[in-house]
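Colleague: I would like to learn how to read a model of this kind. Please take me through the features in turn.

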There are 2 protein chains.
Amino acid sequence: MNIHSKFSRLGTDAAPGQEVRQQSGGIEALLRGDAITGRSVDFSHGDVDAFAPTPGSFEVFSAGVESGGKQAYTEYRGDLSIREELAQHLASFTGAPVDGRDGIIITPGTQGALFLAVASTVSRGDKVAIVQPDYFANRKLVDFFDGEIVPVQMDYASVEGRAGLQLGQLEDAFESGVKVFLFSNPNNPAGVVYSREEIESIAALASRYNATVIVDQLYSRLLYSGVDYTHLRAQKIDAENVITIMGPSKTESLSGYRLGVAFGSKEIITRMEKLQAIVSLRAGGYSQAVLRTWFNEPDGWMEQRIREHQAIRDDLLKVFRATAGMKVRTSEAGSYIFPSLPQLSVSGSDFVRILRLQAGVIVTPGTEFSPHSENSVRLNFSQDHAAAVAACERLVELVERYRA
Amino acid sequence: MNIHSKFSRLGTDAAPGQEVRQQSGGIEALLRGDAITGRSVDFSHGDVDAFAPTPGSFEVFSAGVESGGKQAYTEYRGDLSIREELAQHLASFTGAPVDGRDGIIITPGTQGALFLAVASTVSRGDKVAIVQPDYFANRKLVDFFDGEIVPVQMDYASVEGRAGLQLGQLEDAFESGVKVFLFSNPNNPAGVVYSREEIESIAALASRYNATVIVDQLYSRLLYSGVDYTHLRAQKIDAENVITIMGPSKTESLSGYRLGVAFGSKEIITRMEKLQAIVSLRAGGYSQAVLRTWFNEPDGWMEQRIREHQAIRDDLLKVFRATAGMKVRTSEAGSYIFPSLPQLSVSGSDFVRILRLQAGVIVTPGTEFSPHSENSVRLNFSQDHAAAVAACERLVELVERYRA
């Protein structure tokens, strides 16, 4: 395969945050009626103005700059004293030990951790199980490293009390030779949390087939009331076969600092560091200091953040559920909601462009997450509460206007 | 090739900055005499405490944080208004147009730019010409993407007025099917600048064979008195076949912010952005703001920085040239110096470890840059002047002690 075909599979035109590069050619012919005015909302990512970064994060960054070279030039895997602090927090949070010296790496964002983890476990022709729907980069990463994607469906829309992963399909995937299973929990885009039984089954299957599991737990701190969360790495599974990815980018609104961590398997972390040396050297040195605020927020701060997000979620659910033909599962964690739309007279991707042009509302098309999600759109509702509700009202108004 | 053999080629034990992870096992048996006391100097990278970041950089960063979401979430290729500012500066600096919208990408460090550029031009089996010696990551990147390295020697030690690239070897390389030529100018580690004739020949050869050239110009602003610099991209060569990489990480001591840029070929930049979306999403949003200080330093600031570095260079040259059997070419740009050592009774890699243990002096072994540079060591002399000179005096004292 030459370089052109390799990159033709890496489309980013519909990727969150890239809407500014979309051409609007041809869409005018499809437009009905006038634009609806209202404050623009970009649901493709959280709004760090509405939900401000962790108190003290900027001050810790400044102190990092002040301390100079020691903070600018860390080991490729990140500053040791920060890794050791984090190891304690993450061990306590996930319920299984983390080795600060050899079992954790600090990366430029959780995206950096995902990239390194996949690059360190997947080589040409390896089979990798990917959930549908799941975070759009997962499949692209496997593609980029010439792995073979084995899809596993998640019936999030039709079940309750569990994510809805088709465990039979996952077992078939392992049986067919899958070496790596990569998934997000809470799921991005559906906002659902895997049940204890699902996680235990994943651990048992991965153990039986000696597969590596990479679990992206980016949103695992933002759990709504009544939701239980099970950490895969604390279950019966060889610790050397699990990499867990987290980061203070979302819940804590620290995305602007680009920080993530991967922890678990020492062998895989060692490979990830070797690769980080040629990919980006290290996470920004001064930014690494900001990790000292993580799992170290002021009392009550996280609880309030969760409460505020839950209130927005509840209002958006009301707006969507009042619309005939729209279906949406209650998000259990994180700030994503993934409603499906009724039959429209335009395609899902055209509707997404129309939404931007006529309503000032940016959402991410469902096809970024699964080829079977053409009728769904993902919204990150970590936004100004009132603006988010008003934007969703414009969204459903356009649903009515373009209904088939 | 499986993942284990792939990563076994990516050794980082001797890579700059990783010395803390080296085991010292076995070295004690080789030690002669006592340790020499003195202030430790880590020549593996510049000292941002000795040479402070650009005035105003922290203030611009703070303003970026203050401006919030707009700065945190940029396009994957970086903030447009910053790209447009940079395009003007870089066009004027290099003498050829830069398209701010489509012809430049902001990356996490110049390492990020190098990674993306190689990943976007080299696929399995492609032949890539790599200079020996040159920046250690160059060969590792080609290895990682399963390209085939075609070495081209640079006789920096035996010539004057040019870098010493063996142009005949380069032509043979293109003749044998090399598609990409990747090199640093000024050269890292030798600190030499390619002559106008060399750059014109590279342009002519690349054009004749329709090859892509990636030129890492990280140090091209730090030129010592009397040195002319020729920008490849301003020569007779198809602009779509050239990617130039720079960044404010070294000369400007802004490494702690992790910023780099690649500019030139629109097609390659487009691929690089697609890949950045899954590698790290974007350069740290807040950090991107710091680029507004680049090529925008206070009057006289750069001239003073160059003068101070040149003074350190001159003193180190004196120390090395007073030592029998040590050879060193005068660095023409940047802050690297690459002396060769006389015959010792221990191997080059053992001597590097001994230096660290007995003299508190960290240098990078020559074999990181070329298999033919076992007798050389690289020093980044962007350090406190007096401490650097004293450390080099300890280095030559140990050369005497271990002389064969």
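**Reading strands, helices and loops**

Modeller: B:Asp216 has B:Ile245 as its bridge partner in S7(B). Helices (H or I, at least four residues) and strands (E, at least two) are DSSP runs, numbered from the N terminus. Two strands pair if DSSP finds at least two bridges between them. Here S6(B) and strand S7 (residues 242–246) of chain B pair in the parallel sense, over four bridges.

Colleague: What should I know about the model and its numbering before going on?

Modeller: This is a predicted model, in which local features need pLDDT of at least 70, side-chain atom pairs count only at pLDDT 80 or more, and totals for chains, interfaces and linings use all residues. Residues are numbered from 1 along each chain as its sequence is written, chains are lettered from A and ligands numbered from 1 in the order in which they are written, and side-chain values use heavy atoms, with hydrogens and water left out.

Colleague: Which residue of S6(B) is the bridge partner of B:Ser184?

Modeller: The partner of B:Ser184 is B:Asp216. Strand S5 (residues 180–184) of chain B runs parallel to S6(B), and five bridges join them. Between S5(B) and S6(B) the chain passes through helix H8 (residues 196–208) of chain B, in a right-handed β-α-β crossover. Right-handed means that, with the strands pointing away from the viewer, the path from the first strand over the helix to the second runs clockwise.

Colleague: How do I read burial, and how many residues of strand S6 of chain B are buried?

Modeller: Buried means under 20% relative accessible area, exposed over 50%, and partly exposed in between (1.4 Å probe, protein chains only). In strand S6 (residues 212–216) of chain B, five of the five residues are buried, so the strand is largely enclosed by the rest of the structure. B:Thr212, B:Ile214 and B:Asp216 point one way from S6(B), B:Val213 and B:Val215 point the other way, and all are buried.

Colleague: What about a helix?

Modeller: An α-helix has 3.6 residues a turn, so residues three or four places apart point the same way. Helix H5 (residues 109–119) of chain B is mostly covered, with eleven of its eleven residues buried. Among them are B:Gly109, B:Leu114 and B:Phe115.

Colleague: What is the strand order of the open sheet of seven strands in chain A?

Modeller: The order is S2-S8-S7-S6-S5-S3-S4, with mixed pairing. Strand S2 (104–107) and strand S4 (148–153) of chain A stand at the edges with a single partner strand each, so one side of each is left without a neighbour in the sheet. Direction ignored, neighbouring strands of this sheet are turned by 20° against each other on average. For such angles, axes are lines fitted to C-alpha atoms, for helices over the stretch in contact, and angles run from 0 to 180 degrees between N-to-C directions.

Colleague: Which strands of that sheet does helix H4 of chain A touch?

Modeller: Contact means heavy atoms within 4.5 Å. Helix H4 (residues 80–94) of chain A packs on the sheet and touches S2, strand S7 (242–246) and strand S8 (260–264) of chain A, and its direction makes about 110° with that of S2(A). Helix H5 (residues 109–119) of chain A also packs on the sheet, touching S2, strand S5 (180–184), strand S6 (212–216), S7 and S8 of chain A. The direction of H5(A) makes about 165° with that of S7(A).

Colleague: What is the order of the open sheet of three strands in chain B?

Modeller: That order is S9-S12-S11, with antiparallel pairing. Strand S9 (336–337) and strand S11 (364–365) of chain B are the edge strands, each pairing on one side only.

Colleague: Where are the cis peptide bonds of B:Pro133 and B:Pro186?

Modeller: One joins B:Gln132 and B:Pro133, with omega about 0°, and B:Pro133 is in the loop between strand S3 (127–132) and helix H6 (136–144) of chain B. Another joins B:Asn185 and B:Pro186, again with omega about 0°, and B:Pro186 is in the loop between S5 and H8 of chain B.

Colleague: How many disulfides are there over all chains?

Modeller: A disulfide is a pair of cysteine sulfur atoms within 2.5 Å. The search of the whole structure finds zero. A:Cys392 counts as buried, at 0% relative accessibility.
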